[in-house]
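This report describes selected local features of a protein model. The sequence and structure are shown first, and the description comes after them.

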Amino acid sequence: MSFCFNFDVPAQTATPDSVDGNELQNRMKDHAAKSIDDNPKPAEPVKAAKEHLSLSDPQLFLKDAVAETVTIGTLPPLHFLNETVFEKTASEREDREKILSRTVEQRSDLISGVYEGGLKVWECTYDLLELIEKDGETFGGKMVLDLGCGAGLLGLLALKRGAKHVHFQDYNSTVIEQLTVPNVMLNCQEDDDVDSDDDKEGRGKGHGKMKTKEKQEAKDGNPPPKKRAVDQAQQPLLAKCRFFSGDWSTFLALVKKEDPPPKYDIILTSETIYNTAYYPALHETLHNLLAPGGLVYLATKSHYFGVGGGLHLFETFVEQRGIFSLDHRWDGEEGLQRHVVVLRFKMTRDI
């Protein structure tokens, strides 16, 4: 999707030399906060949260699956359903939310309040995967939440690297049922080709979004090899997973009913701060579900053109709430700037 960003700082009546730097910065922050408060909520009602306990016929979703594979450095390979094939078979898929047909009709990767982009793997996800590989995070024995999961690559990495439990959440139930759950099943199977010499050859070079052979076949118009179906009952990794859909505010309300409610050691989220109207619900969810001493890894762009959000506005929002500290862990310099930041509870607060 082509985003466009429209954020104008009010014109200053004073000359630059007569304005104190801190005063100018405060004016910009105040304007940013006002922009967030004035941003209207989506016209359509938010989606009530629900947990997706199981698939009626899990093997059906992988029967004709065509997968891509992400290989980054020393990370385990992550498989996910081919986006192009998924789109071309949209008319054949069960879609109670009608998001597949609406995205095709409107030629949009984002329909606020209806579809929040979960059917695509956005580029900042790869930035976060690369940072995790660099930091050497293993997730061993930790509770992990993949918030706004989409294809679920971040949660899948945590699952493959020893997380105790991994919970996946996305706005759309269609995304969870048609993409996230099948992707988890896809990664739970034995893949005899993953560690072949041919596959290892391309690791550690850029994002490695697809195996070299699969990429060439897709380029030539031939789909990559189909993955065989998985027997869900024989996959113990699936027992570590839970799946949720719905708006963040209703998701939070749903899980808080549990006794005790879950607390996550690590929350992973990518490209979720594009709409300032969602900041209060996102912040409240992080505040209530992050464990003391836990970390939130957030991958994002500086600006989202045409939507209105971005890292600078979110930083201002977080700073004004005073709950979290925010540290930059990686800042890209090329093109539209991308970032990975980490949020944690401020040490001065008694959480």
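## Basis of the report

The model is predicted, so local features need pLDDT of at least 70 and side-chain atom pairs count only at pLDDT 80 or more, while totals for chains, interfaces and linings use all residues. Residues are numbered from 1 along each chain as its sequence is written, and side-chain values use heavy atoms, with hydrogens and water left out.

Helices (H or I, at least four residues) and strands (E, at least two) are DSSP runs numbered from the N terminus.

Strand β5 spans residues 165–170 and contains H167. H167 counts as buried because its relative accessibility is 4%; buried means under 20% relative accessible area, exposed over 50% and partly exposed in between, with a 1.4 Å probe and protein chains only. Leaving aside residues up to four places away in sequence, H167 touches M143, V144, L145, D146, R242, F244 and Y264, where contact means heavy atoms within 4.5 Å.

V166 is also found in β5, and this residue is buried at a relative accessible area of 0%. With residues up to four places away in sequence again not counted, its contacts are V144, G155, A158, L159, K240, C241 and R242. G155 lies 11 residues from V166 in sequence, and their C-alpha atoms are 6.3 Å apart.

## The buried face of helix α9

Helix α9 (residues 248–256) has W248, F251, L252 and V255 buried. Viewed down the axis of α9, these buried residues fall within an arc of 100°, so they line one face of the helix; the arc is that of the directions from the helix axis to the C-beta atoms. Among the elements covering the buried residues of α9 are β4 (143–147), β5, β6 (241–245) and α10 (279–289).

## Helix packing

Helix α10 packs against helix α11 (residues 311–321) at an angle of about 55°, with their axes 11 Å apart. Axes are lines fitted to C-alpha atoms, for helices over the stretch in contact, and angles run from 0 to 180 degrees between N-to-C directions. The two helices α10 and α11 are therefore oblique to each other; angles under 35 degrees count as roughly parallel, over 145 as roughly antiparallel, 65 to 115 as roughly perpendicular and the rest as oblique. Y279, P280, L282 and H283 of α10 make the contact with L313, F314, F317, V318 and R321 of α11. By class, this contact has 7 nonpolar, 1 polar and 1 charged residues; Ala, Val, Leu, Ile, Met, Phe, Trp, Tyr, Cys and Pro count as nonpolar, Asp, Glu, Lys and Arg as charged, and the others, Gly among them, as polar.

The axes of helix α5 (residues 153–160) and helix α6 (residues 173–188) come within 10 Å and cross at roughly 30°. This makes α5 roughly parallel to α6. In α5, L156, L159 and K160 meet N183, V184 and N187 of α6. The residues of that contact divide into 3 nonpolar, 2 polar and 1 charged.

## Backbone features

Most residues other than glycine have a negative phi, and most peptide bonds are trans. F139, in the loop between α4 (123–135) and β4, has a positive phi near 70° and is buried at 1% relative accessible area. E271, in the loop between β7 and α10, has a positive phi near 55° and is buried at 7%.

A cis peptide bond, with omega about 0°, joins D259 and P260. P260 is found in the loop between α9 and β7 (264–270).
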